[in-house]
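Okay, thanks everyone, let me put this one up on the screen.

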Amino acid sequence: MKKARIVGTGSYVPEKVLTNHDLEKFLDTSDEWITSRTGIRERHVAAEGENTSDLATEAARRAMDMAGIGAEEIDLILVGTITGDFPWPATACLVQDNLGACNAAAFDISAACSGFVFALDAGVNYIKAGAAQNVLVIGAEILTRVVDWEDRNTCVLFGDGAGAVVLQGQEGESGVLSTHLHSDGSYWELLYQAGFGTRIQPTEQGIKDRIPYLKMQGNEVFKMAVRSLSDVAVEALEANGFVSSDIDMFIPHQANRRILEATAKRLKLKDEQVYINVDRFGNTSGASIPLALDEANRAGKIAEGDLLLFDAFGGGFTWASALVRW
């Protein structure tokens, strides 16, 4: 059976950078307050007229260029996002059109910050089943348009960006070794965005009451995130007969630095094993893992044969991991 191997990575972030000092100008906050609690110093913000599909398309093109494949060779496009251009059609369909990937089926996966790993799992299984040979897996978000810029506890956390990988069916030892997905909808009220979806209809009063925007109970999410990230990481290691010291690079969802450090401590990982870039991008939800992966890959920090562990937690709740032999 062929393995799904990552043969190309790509990422894209908008040009505009919003620093903590910029936030001080219109929020009751400070650089010291944000940095000490989250580790975030700046984030990127999409320009007017720049859409999630645009970010996803550019990241995809860069991944395809690295992989050396054309748009017509893509069999499937999967986009993990909770901030698509529209409720429907799928943002993946817009990316398919932008790329001219005329032979590709395309659909979105909504699993919040776990979206990329959930999409990766789908792509891996399409390849294992022989239903696809080349799969484009993307995580893309414009979260700065769904946060409440009057809520200093949440709006400082998030940024915009996209990351992508090309999965290709190949023989050999390299590839995605396993994926592990979990969900628990009983916690949905701790982290969600009302929308407006079909449950809550848009009204003038609803907009005044800030109903459409992202809502989060930070302390409760923190506790669940650390426990779930640790458990699902151990699950991936044990499923493949590895221990934490075998990991060459741990690439977790970049939620905030305290969560990453607490998770790494529970897993007994050394600092040099953990990739962190949340300080420069903030929480980009489904985009954070592929964005970090591409940055590390292009910086030459990943070598052939390295063992990588992806780890994510998001609204739903959802949590997931993937173990990859590079």
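So, strand E11, residues 249-252, is covered on both faces: Met249 and Ile251 on one side, Phe250 and Pro252 on the other, all buried. Buried here is under 20% relative accessible area, exposed is over 50%, and partly exposed is in between, with a 1.4 Å probe and protein chains only. Strands and helices are DSSP runs, E of at least two residues for strands, H or I of at least four for helices, numbered from the N terminus.

Before I go on: this is a predicted model, so local features need pLDDT of at least 70 and side-chain atom pairs count only at pLDDT 80 or more, while totals for chains, interfaces and linings use all residues. Numbering starts from 1 along each chain as its sequence is written, and side-chain values use heavy atoms, with hydrogens and water left out.

Who does E11 pair with? Strand E12, residues 307-314, in the parallel sense over four bridges; pairing needs at least two DSSP bridges between the strands. Methionine 249 has leucine 308 as its bridge partner in E12. E12 also pairs with strand E13, residues 318-325, this time antiparallel, over eight bridges, and there leucine 309 stands opposite leucine 323.

Put together, that's an open sheet of four strands, ordered E8-E13-E12-E11, with mixed pairing. E8 (175-183) and E11 are the edge strands, each pairing on one side only.

Now the helices. H8, residues 218-239, packs on H9, residues 257-266, at about 40 degrees, axes 9 Å apart. Axes are lines fitted to C-alpha atoms, for helices over the stretch in contact, and angles run from 0 to 180 degrees between N-to-C directions. That makes H8 oblique to H9: under 35 degrees would be roughly parallel, over 145 roughly antiparallel, 65 to 115 roughly perpendicular, and the rest is oblique. Among the residues that meet are Phe222 and Leu229 from H8, and Ile259 and Ala262 from H9, contact being heavy atoms within 4.5 Å.

Next, H11, residues 288-298. Nine of its 11 residues are buried, including Ile289, Leu291 and Leu293, and also Asp294 and Asn297. Just after H11, glycine 300 has a positive phi of about 75 degrees.
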